[in-house]
Structures are given as structure tokens and as C-alpha cells.
Amino acid sequence: MGRLAQANKLWAKAEAYLRASIEHGPRGETYQALAEVLMAQDKRDAAANTYKQGLDVMLQNNPNKVI
């Protein structure tokens, strides 16, 4: 739902859906989508932090993966 809202530029709905998705099970891809939504809302600091959180999740799930 978050990605659909994002595609339709419904930023507040997209943010809410993506945050809810992260609460149910964090995934790096979800953090990336949320960061993109935050950037679209000109929330640059929050977006940078969200990108970092997503990277941390991805590295925790696969510490041997080279990015």
C-alpha cells in the first residue's frame, strides 16, 4: 500500500503505510521507499537517517554482503 500511495504522490499516506510496514518487520527496501517519500516531502534529515537505518538492517541480515 505504501508503494502505491508513493506512486500516486500521496506522501502522508505513503509515509504512514511504510512506517506501519516497518513496525511489522523491518526490511531495507521498505526503509529505502520511506526515505524516498521523506525526500519528496523535503524532510532531508529524516530521509538521511532512514537511509542509514535501512542500511543497518540490511547489514544485520547479511553481514557478509558487500555493498
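Modeller: Start with Gln6, which is found in helix 1. Helices here are DSSP runs of H or I, at least four residues, numbered from the N terminus. This is a predicted model: local features need pLDDT of at least 70, side-chain atom pairs count only at pLDDT 80 or more, and totals for chains, interfaces and linings use all residues. Residues are numbered from 1 along each chain as its sequence is written, and side-chain values use heavy atoms, with hydrogens and water left out.

Gln6 counts as buried because its relative accessibility is 16%. Buried means under 20% relative accessible area, exposed over 50%, and partly exposed in between (1.4 Å probe, protein chains only). What does Gln6 touch, leaving aside its neighbours within four places in sequence? Its contacts are Trp11, Ala14, Ala33, Glu36 and Val37. Contact means heavy atoms within 4.5 Å.

Follow Val37 next. Residues up to four places away in sequence are not counted; Val37 then touches Gln6, Trp11, Ala14, Glu15 and Leu18. Val37 also belongs to the largest nonpolar core, eleven residues in all. Such a core is a set of buried Ala, Val, Leu, Ile, Met, Phe, Trp, Tyr and Cys residues joined through side-chain atoms within 4.5 Å. Its members are Ala5, Ala14, Leu18, Ile22, Tyr31, Ala33, Leu34, Val37, Leu38, Ala47 and Val57. Helix 3 gives the most, with five residues. In soluble globular proteins, nonpolar side chains tend to be buried together.

Now move to helix 4, where Thr50 lies. Thr50 counts as buried, since its relative accessibility is 4%. With neighbours within four places in sequence left aside, Thr50 is in contact with Tyr31, Leu34, Ala35 and Leu38. Tyr31, Leu34 and Leu38 are among the core residues.

Back to helix 1 (residues 2-7), which also holds Leu4. Leu4 counts as exposed because its relative accessibility is 56%. Leu4, Met1 and Tyr17 make a nonpolar surface patch of about 350 Å². Patch residues have over 30% relative accessible area and no salt bridge; nonpolar side chains (Val, Leu, Ile, Met, Phe, Trp, Tyr) are joined within 5 Å, like charges within 9 Å. A salt bridge is a side-chain nitrogen of Lys or Arg within 4 Å of a carboxyl oxygen of Asp or Glu. Accessible areas come from the Shrake-Rupley method with a 1.4 Å probe; for residues, only the protein chains shown count as cover.

Notes:
Helix = DSSP H or I, 4+ residues; strand = E, 2+ residues; numbered from the N terminus.
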